[in-house]
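Biologist: Please take me through this model and set each label against its definition, so that I can judge what the words rest on.

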Amino acid sequence: MKNRDTEITMGVKNESTVQEFILEAFPAIQHLGNLLFLVHLLAYLGSIMGNMVIIIITWADHRLQTPMYVLLSTFSFCECCFITTVIPKLLSIFLSGRQTIPFTACLTQAFFFLFIGAGIFFLMAVMSLDRYLAICKPLHYASIMNLRISFLLIFLCYFLSFIFFTGLMLRVSQLSFCGPNIISHFFCDLGSLIHLSCSDTRSVEMYFFFVTSFAILLSLIVTIIAYSNIVVTILRLPSAKERQKAFSTCASHLIVLSLMYGSCVFIYVKPKEVNRLDSNKEAALVNTVVTPLLNPVIYTLRNKQVHQALRDTLSRARLQK
């Protein structure tokens, strides 16, 4: 009799297992969907075009094939991949309202969002160290940083990210989902997804908190140390004009870094995922819409060397025609 009851319970549970989720991004402003679609589409296209320009110029001009620009072009490529994991779904939500997404597709989107996103944070730490070496240790820079080391560091960034988040996604895939299926977000946010599970999620929540906090805080600490040393070195420059120019570049970098780290610390560095706020959606927009649009301008398009390479590339293209 007990076995029969168990089988009935298992059957009911299997029948009620959630097969798809509903993404409900911003229902309160859905009446502005067409306008928001246009704004975010333009931002998305601007981000893709700006980052693609950086990638093409870096690999078209041999003068830019240095560790600094290889890291920047990789960063731009990762930014393109990162926003492409979520923005197309956001655009479809603005056009036609809430969207359904199958369970496997939801897990896949959540994995790539976290995998690429964490890799970007590790990459930003490496870029900060590269700038630290170039500015604070210029005599040792060439002996420490080269293209081989750059590619090795890029590989390590994403290898570490892959290990962390593959383990996390395997844990999440084993959870049961048998109740509500509405995710109040514009993509499959893993914290919101875990919160919908009818399983005991305490160990998964702790693991999620650990890996996201580790990726963000480790990168943040390295970046703070690197830029602190850079600022000290800039203050020692003898020329006021040189100091002003260096601070201008450094300040613009720090603005973007503050936006990225600030929004992610607000979203992920919390001990309890159940305390997540609706404002997390707005904070997520900063990383998926605002900073990818600013990064090409801040990091390289304001750079005179990039401007010269762009002019040379366009001149060669005209001559070939």
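Biologist: What share of residues 69-87 is helix, and how far apart are the end C-alpha atoms?

Modeller: Residues 69-87 are 89% helix and 0% strand, with 26 Å between the end C-alpha atoms; helices here are DSSP runs of H or I with at least four residues, strands are E runs of at least two, and both are numbered from the N terminus. This is a predicted model, in which local features need pLDDT of at least 70 and side-chain atom pairs count only at pLDDT 80 or more, while totals for chains, interfaces and linings use all residues. Residues are numbered from 1 along each chain as its sequence is written, and side-chain values use heavy atoms, with hydrogens and water left out.

Biologist: Which residues does UniProt place in the feature "transmembrane region"?

Modeller: The unreviewed UniProt entry gives residues 35-57, 69-87, 107-129, 149-170, 206-235, 247-269 and 284-301; the positions follow the numbering used here, feature names are shortened, and such annotations may be inferred rather than shown by experiment. Of these spans, 206-235 is 100% helix and 0% strand in the model, and its end C-alpha atoms lie 42 Å apart.

Biologist: Why is Asn295 called buried?

Modeller: Buried means under 20% relative accessible area, exposed over 50%, and partly exposed in between (1.4 Å probe, protein chains only), and Asn295, at 2%, is therefore buried. Asn295 belongs to helix α11 (residues 280-301), and its side chain makes a polar contact with the side chain of Glu79 at 2.6 Å. That distance meets the limit, since a polar contact is a pair of N or O atoms within 3.5 Å, where within protein one must be able to donate a hydrogen and the other to accept it, and residues adjacent in sequence count only if both atoms are side-chain atoms.

Biologist: What does the side chain of Ser213 reach?

Modeller: The side chain of Ser213 reaches the backbone oxygen of Phe209 at 2.7 Å. Ser213 lies in helix α9 (residues 202-235) and is buried, with a relative accessible area of 7%.

Biologist: Which residues form the nonpolar patch on the surface?

Modeller: The patch consists of Leu152, Phe155, Leu156, Phe159, Phe162 and Ile163, with about 570 Å² of accessible area together, an area from the Shrake-Rupley method. Patch residues have over 30% relative accessible area and no salt bridge, with nonpolar side chains joined within 5 Å and like charges within 9 Å. Leu152, in helix α7 (residues 147-173), counts as partly exposed at 41%, and Ile163, in helix α7, counts as partly exposed at 43%. The C-alpha atoms of Ile163 and Phe115, 48 residues apart along the chain, are separated by 9.1 Å.

Biologist: How many salt bridges does the structure hold, and what makes them qualify?

Modeller: There are two, and the test is a side-chain nitrogen of Lys or Arg within 4 Å of a carboxyl oxygen of Asp or Glu. Asp130 and Arg131 pass it, their closest N and O atoms being 3.0 Å apart, and both residues are buried. Asp200 and Arg202 pass it at 2.8 Å; Asp200 is partly exposed at 48%, whereas Arg202 is exposed at 60%. Side chains of opposite charge can pair when their charged atoms come close.

Biologist: What makes strands β1 and β2 a pair?

Modeller: Two strands pair if DSSP finds at least two bridges between them, and four bridges join β1 (residues 20-23) to β2 (residues 99-102), which run antiparallel. Phe21 has Ile101 as its bridge partner in β2. Two bridges join β1 to β3 (residues 182-183), and these strands run parallel; there Leu23 stands opposite Ile183.

Biologist: In what order do the three strands lie in the sheet?

Modeller: The order is β2-β1-β3, in an open sheet with mixed pairing. Each of β2 and β3 has a single partner strand and stands at an edge, so one side of each is left without a neighbour in the sheet.

Note on methods: Accessible areas come from the Shrake-Rupley method with a 1.4 Å probe; for residues, only the protein chains shown count as cover.
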